[in-house]
Amino acid sequence: YGDQDAGAAEIVHKTDPRARQELFDFLETVRGKDFWDEGTEVLGRETLLKIRISRNRLNSPEETWVVEKLSTVAGEIWTVEGAPGKGKYVVDSESFGKYLQDAGWLLDKRWTDVKGKDCDRMSFQAGAKTLTLERRDGSWRPAEKNGWRVDQAKVSEFLRNLFTVKVSELQPCGEVAARGGLVLEIRDAKSSTQVTLEEHAGMWTMHRKGDPFLFRLESPGVDFRACLERSFWRDKTVLEWKPADLQEAALIRQDGRNVFVQKEGKWLLASPRPGEVDQKAFAKALGDLLPLEAWRFLSAPETEKMGKFRLRLKVLLTSDGKKKEVWLGRPGPEGTPAKMSEESDIFLVSNQAAEGLFGEGLHFVTMLEEDSNRNGKTDQWVHYSAGKRRWMDSDADEDGTMDAKTYWRYNRAGDLIRMDEDTQGDGRVDAWTMFVNNVRISRRMDTNGDGKPDKVDRRPL
């Protein structure tokens, strides 16, 4: 194109098949039109365009077409001359307007021979950081063994955008200084392509390894900056289990461990002591958590900024003999930080998904079986509501008949203020214990059975 300096390096690039055919068709229409009169006096000339054509045919000679602007007495005249001896023709200046701009319209803007539907590997690299995804058995997975779960829909969307990205123009590499960027390599069974992606003044460019041109991308629709982060590709469904799939759920806090088991669709407390569970409340708490969905995964800088994971609750789940441990941290404005114990990645779940399990250790218990004399036999049945004792049946002589009953009373703040006892098992309260700040201050007793206290014990326990 134009007059090249002698000895200048020649740029070689594929041409777009349709644009190339358009050029050939146009040149054919030029032949045989208005011949240039060689007797016309030329006052000046300027070479505007040279097109050299080599055809892949045996013994087919190379052709060079030259477009010139000639100054004559009659004015400016444009001419095009084909191969030597084939004549020079006068052409309309507007006819070659498109071809005079630059070579960009003729160049092939396809940046890869890899087919999107056949792509089976993507590798991203920036500096020392790399991330590679591979398609195995029809699913995309991280290249490392025992890796995290990949969001298949996310990969499909990325590939769809990547392979339909529009190239607005091609630009010689010498015009843009290399600043380093994201190296992307894709492959299928037949070919591979490596490109470097860079952002300049809000516009993305793509440079193919060994290519003399930069591809300027038009609204790529792809977040290239995020491609190196696991969080970009992670499947947001961290754990697909549902409450009905579980056989056991253990809630582990600093103050203890409560193990719940599911038998025939009913949840029971198995440890630290056998007991009954509020089925609706416990099912809702597990249902809020499972399946475990991440709002988003924290990036490496966010994880580093967070520092040590502040554990509030461990949830150990068992399904068909498999165990998964979910760590839940302290809720924050964006959500509750969480992680799977075997992985280092931290993600956020909604506060609502976690808060149902954050109650006290006996939050879901409705009844506990107690062995007060530790002889291996249950002799007390303590009933709970909202984690607090409400009443207790006792069988002190273990004859199968309840012989005492105890009631606990609380104020609106939840503090214990009184304990009423039926020590004879006759349905009448005969002892009243008073508390202040959950500390016993007195115990009044009815020793003669008239319903009135006649003895007071003010000794603190």
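The structure holds 25 salt bridges, a salt bridge being a side-chain nitrogen of Lys or Arg within 4 Å of a carboxyl oxygen of Asp or Glu. The model is a predicted one, in which local features need pLDDT of at least 70 and side-chain atom pairs count only at pLDDT 80 or more, while totals for chains, interfaces and linings use all residues. Residues are numbered from 1 along each chain as its sequence is written, and side-chain values use heavy atoms, with hydrogens and water left out.

One of these salt bridges is formed by Lys-129 and Glu-229, whose closest N and O atoms are 2.9 Å apart. Because Lys-129 lies in strand 7 (residues 129–136) and Glu-229 in the loop between strand 13 (213–218) and helix 4 (230–233), the pair ties together parts that are 100 residues apart in sequence. Helices (H or I, at least four residues) and strands (E, at least two) are here DSSP runs, numbered from the N terminus. Lys-129 has a relative accessible area of 35% and is therefore partly exposed, where buried means under 20% relative accessible area, exposed over 50%, and partly exposed in between (1.4 Å probe, protein chains only).

A salt bridge also joins the side chains of Arg-230 and Glu-144, at 3.4 Å from N to O. This pair links distant parts of the chain, since Arg-230 belongs to helix 4 and Glu-144 to the loop between strand 8 (139–142) and helix 3 (152–163), 86 residues apart. Both partners are partly exposed, Arg-230 with a relative accessible area of 33% and Glu-144 with 35%. In the salt bridge between Arg-225 and Glu-199, the closest N and O atoms are 2.5 Å apart. Here Arg-225, in the loop between strand 13 and helix 4, is linked with Glu-199 in strand 11 (residues 192–200), the two being 26 residues apart. Arg-225 is exposed, with a relative accessible area of 55%, whereas Glu-199 counts as partly exposed at 35%. Salt bridges that share partners join Glu-144, Arg-230, Arg-234 and Asp-345 into one network.

A search of the whole structure finds zero disulfides, a disulfide being defined as a pair of cysteine sulfur atoms within 2.5 Å. Among the cysteines, Cys-119 has a relative accessible area of 0% and is therefore buried, and Cys-227 likewise counts as buried at 0%.

Strand pairing was examined next, two strands being paired if DSSP finds at least two bridges between them. Strand 15 (residues 248–253) pairs with strand 21 (residues 311–319) in the antiparallel sense over five bridges, and within this pairing Ile-252 stands opposite Lys-314 of strand 21. Strand 21 also pairs with strand 22 (residues 322–329), again in the antiparallel sense, over eight bridges, with Leu-313 standing opposite Leu-328 of strand 22. The hairpin of strand 21 and strand 22 has two residues between the strands, and in this hairpin Asp-320 takes a positive phi near 50°.

With a relative accessibility of 7%, Thr-406 counts as buried. When its neighbours within four places in sequence are left aside, Thr-406 is in contact (heavy atoms within 4.5 Å) with Arg-390, Trp-391, Met-392, Met-419, Asp-420 and Glu-421.
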